[in-house]
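Hello,

Here is the structure you asked to look at. Please open it and keep it beside this note while you read.

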Amino acid sequence: YVIKLLVRNASTGRMGTFEAPFTIPNLARETIEIPLSSIVFSQQRVATADAMYTVKQKITADAANPLVDGGQKLVPAVGRTFSANRPLYIFLQAYEHDAAAPRQLAAYATFYRDGVRVYETPPLGIDRWDATTKALPIRFTIAPGTLAAGSYTCQVTVIDPSAGRVAFRHVGIDVR
């Protein structure tokens with residue numbers, strides 16, 4: 001799928017658009033690759049009490065929102081340009097169609113500049129599967145100053161060592 005947003009500034013009348021692809025995996029058909037969500041980048045986290053809106057449901061908004069972790073809500077970046085002087089947060093989810101046997105996965109993020117690997121996070125062992133959504137949140141934090149100014153390709157690699165499966169997501173970003 002592709003989502004396209006159209007925004008209009010009420011005071012100036014100027015308009016802008018944003019378009020981004022996203023994937024809703026069909027877990028019943030995916031047997032070779034690990035099903036993954038799109039990657040969410042951010043440089044801002046806020047306390048859930050400070051969020052701009054709340055959802056009133058029978059379950060708490062924190063439990064229903066995958067962007068909330070430890071009382072902090074990740075605010076997704078609309079663009080792909082980030083400051084080198086602030087932490088860069090990366091979030092995505094892996095999905096499991098066999099909830100009876102969730103396995104531990106390993107994940108890491110690699111940044112390439114002009115085809116050359118510049119930085120790679122240490123591998124994360126992750127196994128906190130959500131029984132309700134059958135999703136495994138994957139979170140990385142890149143420290144300020146780790147990436148110099150420039151254009152990068154960020155590749156997130158997720159490995160299922162027990163099943164011999166792997167999945168990748170690539171996204172271009174700019175650091176200023």
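Start with one side chain. The model is predicted, and in it the side chain of Arg 169 reaches the backbone oxygen of Ser 37 at 3.3 Å. Leu 36 is involved too: its backbone oxygen lies 2.8 Å from a polar atom of the Arg 169 side chain. Both distances fall within the 3.5 Å cut-off for a polar contact.

Where does Arg 169 sit? It is found in strand β14, residues 165-175. Which residues does Arg 169 touch, leaving out those up to four places away in sequence? They are Glu 33, Leu 36, Ser 37, Ile 39, Cys 154, Gln 155 and Val 156.

Next, the sheets. Strands of a sheet pair through backbone hydrogen bonds, either parallel or antiparallel.

Look at the open sheet of three strands. The order is β4-β6-β5, and the pairing is antiparallel. Strands β4 (45-47) and β5 (68-69) stand at the edges. Each has a single partner strand, so one side of each is left without a neighbour in the sheet. β5 pairs with β6 (residues 72-74) over two bridges, in the antiparallel sense. Find Val 68: it stands opposite Lys 73 in β6.

β1 covers residues 2-8 and β2 covers residues 15-21. They pair in the antiparallel sense over seven bridges. Arg 8 has Met 15 in β2 as its bridge partner. Six residues lie between the strands.

Best wishes

Technical notes. Residues are numbered from 1 along each chain as its sequence is written. This is a predicted model: local features need pLDDT of at least 70, side-chain atom pairs count only at pLDDT 80 or more; totals for chains, interfaces and linings use all residues. Side-chain values use heavy atoms; hydrogens and water are left out. Helices (H or I, at least four residues) and strands (E, at least two) are DSSP runs, numbered from the N terminus. A polar contact is a pair of N or O atoms within 3.5 Å; within protein, one must be able to donate a hydrogen and the other to accept it, and residues adjacent in sequence count only if both atoms are side-chain atoms. Contact means heavy atoms within 4.5 Å. Two strands pair if DSSP finds at least two bridges between them.
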